[in-house]
Structures are given as structure tokens and as C-alpha cells.
Amino acid sequence: MDKNEEKQREEEREQVVSPWEVSSSGKIDYDKLIDKFGCQRLDQSLVDRVQRLTGRPPHVFLRRGVFFAHRDLNDILDAYEKGEKFYLYTGRGPSSEALHLGHLVPFMFTNRYLQDAFKVPLVIQLTDDEKCMWKNLSVEESQRLARENAKDIIACGFDVTKTFIFSDFDYVGGAFYKNMVKVAKCVTYNKVVGIFGFTGEDHIGKVSFPPVQAVPSFPSSFPHLFSGKDHLRCLIPCAIDQDPYFRMTRDVAPRIGYHKPALIESSFFPALQGETGKMSASDPNSAIYVTDSAKAIKNKINKYAFSGGQESVELHRKLGANLEVDIPVKYLSFFLEDDAELEHIKKEYGAGGMLTGEVKQRLAKVLTELVERHQVARAAVTDEMVDAFMAVRPLPNMFD
Amino acid sequence: MAYSKDQLLARLKDLQIEFSQYEHPAVMTVEAQAKYVGNIGGGLSKNLFLKDKKHRFYIVSALADTKVDMKVLSQRLGLGKGGLRMAPEETMLEILKVPLGSVTPFALVNESARDVALLLDKGFKAQERCFFHPLSNDMSISLNTNDLDKFLKSIGRDPAYVDLEANPAVGKDQPPDLAAFVPSGSTVLPDLPDPASAVQSAGGSHVNANNNCKAATEKAIKPAKDVQNVKDKSAKAVNPSSSFTDAEKFVEEILDRISAKLLSEKLFMQTKEGNIAQQGQELGNEIANRLRKCCYPELKNLATIFKNTAYTQGFHAGKASSLTQCPRT
């Protein structure tokens with residue numbers, strides 16, 4: 001008994017993944033995470049099925065296993081095959097103004113792929129209230145950050161005729177609040193402590209927050225969009241640390257007569273300094289920000305990107321690079337669209353034919369292009385545009 | 001147009017701000033300044049012009065005795081350790097329009113200093129009067145903080161006094177307490193030419209690449225302006241870059257990008273490598289396909305911005321029109 005307990009505690013200590021903390025003594029073990037959370041692996045057959053259904057090549061993030069886990073994705077696809085549509089729901093906690101590439105990952109996936117391929121609408125929740133409570137920001141500051149973040153999100157290329165962005169402070173009320181109460185009634189205090197780890201010291205704001213993130217999964221929360229469509233399904237693209245919220249939501253849904261939302265989950269974006277490094281808002285060198293200039297990007301990659309290459313050129317030519325820990329290659333696997341080129345780089349670099357410098361140079365080019373495109377788009381986002389995205393309005397063309 | 005010392009003094013008088021002025025030889029340090037005005041009652045100020053790694057600027061104005069620790073300040077602003085540096089002299093001239101030795105909160109009267117953050121020492125509040133340079137270090141003016149506030153409000157600034165000596169912990173659960181002071185809005189200004197030059201080197205026409213840069217730069221200024229001047233709603237009616245509101249310019253933008261890609265070395269090299277034997281139609285097809293593949297995401301992004309901009313204008317026009325229709329019975 002003792003030995004098993006000890007082993008379990010040891011395992012739990014090694015890896016912590018929750019909506020508010022992601023840390024590990026070594027690399028994050030995603031298989032263990034899937035087991036622990038109880039979701040499914042997104043295997044190749046599912047990726048192929050998506051390709052068949054949508055008639056387009058699957059997104060880079062699917063091909064490379066960035067989005068690697070799911071819940072009930074098959075059900076959504078079954079329904080879609082029969083002509084039943086669904087809607088997408090994703091969100092952002094606006095805790096800082098500086099957005100880095102890791103933040104953009106779910107939005108890039110949702111926009112450039114899910115929305116386009118399936119032709120479905122999207123709601124984006126900005127949890128300004130959550131950040132106000134957890135990060136102890138003032139209400140005004142969190143609202144301001146929410147609007148600033150909204151601009152970067154819009155710059156990812158979302159279509160205003162198919163996308164509704166809302167901030168909790170603005171939108172909670174009415175039908176949304178009614179659903180919040182319905183959900184809250186189904187979750188005991190003990191349950192929420194068990195899922196999220198709250199203690200007696202945590203304030204009641206935190207304890208009553210989970211329903212806020214749960215109810216956008218239910219179409220009746222958006223009467224201006226989905227009235228009359230109470231059985232519309234919902235698919236949630238998110239990072240896997242958000243799973244606890246939606247485990248709770250899926251538990252509650254059938255009890256209040258709604259479909260369980262489906263999930264498609266991504267792994268974490270590594271910090272520049274490596275898998276064990278933490279990407280943090282207070283260390284500008286741990287990530288590439290969307291406001292970085294081409295010079296800054298090149299500099300950051302050259303100076304801070306953790307290299308799996310060997311210490312000397314001779315050693316490198318002999319042994320090749322350690323692709324497991326090499327950050328430039330990891331980043332390229334996120335952002336280099338060309339499969340063939342990536343394979344080539346991995347092969348050559350792994351064998352020692354290509355040097356770290358070349359890989360870093362290629363990465364700098366890819367990221368600069370991405371960031372530049374984002375900056376141009378971002379510069380075109382006005383406050384009026386944000387108002388339009390956030391206006392409570394019908395979206396008559398949302399399934400076109 | 002840079003404000004001169006006399007213009008500033010005239011403006012202060014217009015605002016009925018009470019101040020005393022003292023002329024003296026130019027002083028480069030607080031110690032030197034103290035020789036001339038140190039015996040008159042009031043707190044001398046030291047003024048630092050700082051910049052962070054993202055090219056945002058800050059004026060930190062403190063009592064001469066207040067200890068200012070740059071590392072602590074940098075963390076409190078959320079810039080990490082060592083995120084703050086003294087700003088180079090050129091930027092002082094360019095942005096604050098004052099030379100070395102004359103940094104002062106009054107420099108914020110200049111348009112160019114619009115995005116500079118201001119941190120004022122709460123120690124000033126405890127003083128009857130405080131000394132600052134009125135844009136030139138051959139004079140010092142002393143005034144009460146309430147009058148300083150009056151001036152700052154008149155230029156659209158919200159005066160905020162901070163305990164500069166405090167050293168609160170900054171970590172995951174304690175966000176940087178001064179983060180709100182960091183200038184917001186796209187501050188890509190100084191480095192924007194880099195991405196644009198990447199486009200230029202691709203072989204695109206020089207003139208149009210510059211327009212692209214300029215359009216993006218214009219847009220970069222405006223959001224920053226909006227965030228600073230939260231007052232006038234009508235002042236917020238920003239005109240989006242005309243590439244995204246004017247169909248002709250939009251098409252030109254698209255064609256520019258396509259030609260840039262077409263003329264870019266890489267496209268041709270890739271095509272040449274495998275296809276020396278191919279000619280005419282086949283080569284044309286090959287190029288067309290490659291062009292499609294590499295232009296698609298970029299152009300789609302531009303088209304979406306165009307669509308969003310049009311919708312936004314229509315949306316606001318709709319709102320305004322329903323308001324003006326109200327009086328009908």
C-alpha cells in the first residue's frame with residue numbers, strides 16, 4: 001500500500017497540469033496526461049477522416065500532432081456527415097498585453113483551418129473576469145487587456161460575419177447567466193475543489209468562476225446567434241490544460257438537457273530555452289512576441305533558442321543533432337508548412353549534415369514572415385472593428 | 001514642432017499655473033542645479049529617460065534623494081530583470097525634443113512624446129514645491145504638484161504618483177504592480193522598416209513596398225493614439241489604411257505582392273532546378289501552381305481584413321442611421 005502511494009505521489013509531483021499551472025521536472029509526458037485526464041489520442045485515422053470530410057489537406061497542426069487529443073470528435077464528424085452543423089468555441093484569458101506565438105496557436109488552428117474547412121461560426125470568450133480575480137488586476141485593466149488582446153486575435157484573420165467575440169464583464173447576464181446558474185446547481189463545492197484544487201483560503205470569486213467558462217458550450221447561451229437551435233453541437237479547440245473545465249461541463253451537460261461539448265486539444269508550446277523552461281510574461285526572451293521586429297526575432301533565436309546541436313562542428317558532423325530537445329526544429333514543426341522541407345531538415349540536421357546556424361536561419365525567416373503578416377493585419381484593426389466583432393448582433397451568414 | 005522654453009512658460013501662464021522661475025548657467029546634474037536653487041525651499045527632481053527592449057520609453061521623475069533601482073523598476077513594470085536601460089541621447093532629442101541634461105515631465109507637451117510613459121515619485125506630493133527644468137537646463141521652475149497635475153491634465157495625461165522605492169515581490173501570483181504604465185498600442189515604429197525591407201529585397205517595386213510600410217506605420221501610430229486619448233469619441237474615428245477601404249488600392253496591394261513573389265529569386269530557382277527541359281505551357285503551369293501555393297495565405301489574410309473593414313464601416317453606419325431616425329413619429 002505504502003509503496004504504491006509513494007509511487008503515485010512521486011508521479012504526481014513530477015508533472016503538474018492545470019488551468020493555472022503547467023510544470024514538470026522533465027519533459028511533459030502527454031501519454032500520461034491523456035490517461036490521467038481520460039481523453040483520447042487523435043490518431044492518423046481520425047486525421048484522414050477529417051481530410052475526407054472537408055476535402056482539404058489537414059492543417060499543419062494536425063499533421064504534426066500539435067493537436068493530439070480529443071473528446072467525442074468522432075460524434076461531431078458523424079453528425080457533420082449527416083448534414084448537422086456545429087459551432088466552435090474557444091477563448092483567451094487576457095492576463096497580459098504581450099501575446100507570443102504560443103498564444104496564437106489555438107487561434108491560428110481555429111481560424112485558418114476549422115472555421116474555413118467546416119464553414120461554421122465561432123464564439124471567442126475573453127475571460128477578463130478570471131484574470132481580474134486570479135491575477136489581481138483591476139476591473140478596468142482586465143477589460144482594457146481584453147480589448148487589446150481582441151485586436152491580436154482579430155489579426156489572425158477571423159471573419160467578422162462568422163465570429164462573435166465577447167468579454168465576460170460585458171456579456172454575462174440574461175440567457176448566459178441562466179445557463180451559469182443551471183450549471184452551478186449541478187456541481188457541488190466538493191466536486192469543484194476536487195477538480196480545481198481550491199482551498200479554504202481561496203475567495204468565492206474563484207470558486208464560482210468555472211460555470212462562466214462552461215456555458216459558452218451551450219448554444220442557448222447565445223440567443224442572438226442560435227435561437228431555436230438548442231441542439232447545435234459545440235467543438236472546443238483548446239490547450240490540454242483547459243481540460244478540467246470541460247470535464248466538468250461534459251459531466252453536467254446531459255443533466256440539464258444539452259449535448260456534451262466535444263474537444264480537440266493541443267500540446268504546449270515550448271519556451272525558447274527548451275521544454276523545461278517556462279514561458280513567462282516577465283521574461284521577454286522566453287518567447288517570440290507578435291510585436292517583435294525581424295531583428296529581435298533573429299537575435300532571440302540565435303541567442304536563446306535551445307539547440308540540440310553538438311558543441312563543435314566536428315562533433316556535430318559526426319553525431320548529428322539531438323532532435324528531441326532542439327527548439328528550432330520544434331518550432332519549425334509548428335510553423336513550417338512544407339512537410340518535405342521539414343523532413344529534409346530533420347534528416348540532415350539529425351545526421352550532422354546541417355548545422356544549427358542554418359536551421360536557426362530558416363526558422364528566423366519563417367517566423368519573421370509570420371509575425372510580419374500578423375503586424376500588418378494588427379495595424380489594420382481599429383477600435384471600431386473590435387466594437388463590430390464584439391457587438392451582440394445576429395450572424396445571418398455564419399454557416400455559409 | 002518642438003516646444004520651446006518660452007512657449008512652455010507662456011502656456012503655464014495661460015493655464016494660470018503658479019510657478020517661480022530661476023535662471024542659472026546650464027546644469028547637467030542635480031548637484032550642479034543644487035548650487036543655484038538648492039537653498040530655495042522645494043524638492044529638487046532627478047529625471048531619467050529610459051527605454052525598454054521593445055523600444056518603449058519612460059520618464060521617471062523623482063526627488064533627488066529617492067533611490068531608484070532600475071532592476072526593481074524593470075520587474076515592477078513587467079519587463080523582467082534588466083529590461084530597462086537609459087535611453088540613448090538621440091532618442092532624447094528625437095522624442096522628448098530636449099538635449100542631454102534637460103529631461104523633464106514638461107517634455108511630454110511635445111506630440112512626439114505622446115507614447116512616453118510618465119512615472120512620478122509620490123515623494124513629490126509631500127513637498128510644498130518641486131523643481132523641474134522647463135525644457136531647458138539653464139532655468140529651473142518650482143511649482144506645487146497640484147499645478148504640475150493641472151499641466152499634465154491639460155496635455156491629456158493622467159498624473160499618477162508611485163512609491164518608487166517600494167520593492168514588492170513580482171511573480172506568478174503577484175503581477176508587476178506598475179504594468180499599467182507600460183505604453184500600449186503597436187510600438188513597432190522604429191523597426192517596421194525591417195519587415196518592409198524583406199519585401200523589397202524580394203524584388204518588388206520599391207515605391208509600392210514603401211507605401212505598404214507607410215500604410216502599416218500610419219496604422220501603427222493610430223491605435224497607440226487611441227489608447228492614450230480616451231476622451232473624445234469623435235477623435236477615435238480613425239481612418240483605416242486605404243489599402244483596406246479603397247478597392248483600387250486593395251487590388252494594387254494584391255498585385256504588388258504577387259509580382260514580388262513572381263520576381264523573387266526563390267520561386268524561379270525552385271522552378272529552374274527541376275524544369276530545365278520544360279518550356280512554355282508546362283513552365284507556365286508550374287509557376288502558376290507554385291505562385292498559388294505561396295501567395296494563398298497572405299492574400300487570404302488581406303482579403304479578410306478588407307472584408308472586416310467594410311463590415312465595420314457598414315455596421316457603424318447602420319448604428320448611426322438608426323439613431324438619426326429616432327425622432328420620426
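Biologist: How many helices and strands are there in chain A?

Modeller: Bearing in mind that this is a predicted model, chain A has a secondary structure of 21 helices and nine strands. Of its 400 residues, 58% count as buried.

Biologist: And what about chain B, how many helices and strands there?

Modeller: Chain B has ten helices and eight strands, and 43% of its 329 residues count as buried.

Biologist: What share of the contacts in each chain joins residues at least 24 apart?

Modeller: If we take the contacts with a separation of 6 or more, residues 24 or more positions apart account for 79% of them in chain A, and the corresponding share in chain B is 65%.

Biologist: Staying with Phe222(A), what is it in contact with, leaving aside neighbours within four places in sequence?

Modeller: With those neighbours left aside, Phe222(A) contacts several aromatic side chains, including Tyr87(A), Phe164(A), Phe166(A), Tyr171(A) and Phe176(A), and its list also takes in Val123(A), Pro216(A) and Ser227(A).

Biologist: You mentioned Phe335(A) as well. Which aromatic cluster is that in?

Modeller: Phe335(A) belongs to a cluster formed together with Phe61(A), Phe67(A), Phe109(A), Tyr113(A), Phe269(A), Tyr331(A) and Phe334(A). Phe335(A) and Tyr331(A) also sit in helix H18 of chain A, where they take part in the contact with H20(A).

Biologist: How do H18(A) and H20(A) cross?

Modeller: The axes of H18(A), residues 327-335, and H20(A), residues 356-379, come within 10 Å and cross at roughly 40°, and the crossing is left-handed. On the H18(A) side the contact residues are Pro328(A), Val329(A), Tyr331(A), Leu332(A) and Phe335(A), and they meet a set in H20(A) that includes Val359(A), Leu363(A), Val366(A) and Leu370(A). By class, the residues of this contact divide into ten nonpolar, no polar and two charged.

Biologist: And H16(A), at what angle does it pack with H20(A)?

Modeller: H16(A), residues 294-304, packs with H20(A) at about 145°, with the axes 9 Å apart, and this crossing is right-handed. Ala294(A), Ile297(A), Lys298(A), Ile301(A) and Asn302(A) are the H16(A) residues involved, and among their partners in H20(A) are Lys360(A), Leu363(A) and Leu367(A). The residues here divide into seven nonpolar, two polar and two charged.

Biologist: Back to rings for a moment. How many aromatic pairs does the structure hold over all chains?

Modeller: There are 42 aromatic pairs over all chains. In one of them, Phe106(B) and Phe151(B), the ring centres are 4.9 Å apart and the planes lie at 55°, so the pair is tilted.

Biologist: Where do Phe106(B) and Phe151(B) lie?

Modeller: Phe106(B) is in the loop between helix H4 (89-96) and strand E5 (117-121) of chain B, whereas Phe151(B) is in helix H5 (residues 145-154) of chain B, so the pair ties together parts that are 45 residues apart in sequence.

Methods
Residues are numbered from 1 along each chain as its sequence is written. Chains are lettered from A and ligands numbered from 1 in the order in which they are written. This is a predicted model: local features need pLDDT of at least 70, side-chain atom pairs count only at pLDDT 80 or more; totals for chains, interfaces and linings use all residues. Side-chain values use heavy atoms; hydrogens and water are left out. Contact means heavy atoms within 4.5 Å. Axes are lines fitted to C-alpha atoms, for helices over the stretch in contact, and angles run from 0 to 180 degrees between N-to-C directions. Helices (H or I, at least four residues) and strands (E, at least two) are DSSP runs, numbered from the N terminus. A crossing is left-handed if the near helix is turned anticlockwise from the far one by less than a right angle, and right-handed if clockwise. Ala, Val, Leu, Ile, Met, Phe, Trp, Tyr, Cys and Pro count as nonpolar, Asp, Glu, Lys and Arg as charged, and the others, Gly among them, as polar. Rings of Phe, Tyr and Trp (its six-membered ring) pair if their centres lie within 6.5 Å; planes under 30 degrees apart count as stacked, over 60 as edge-to-face and the rest as tilted. Buried means under 20% relative accessible area, exposed over 50%, partly exposed in between (1.4 Å probe, protein chains only).
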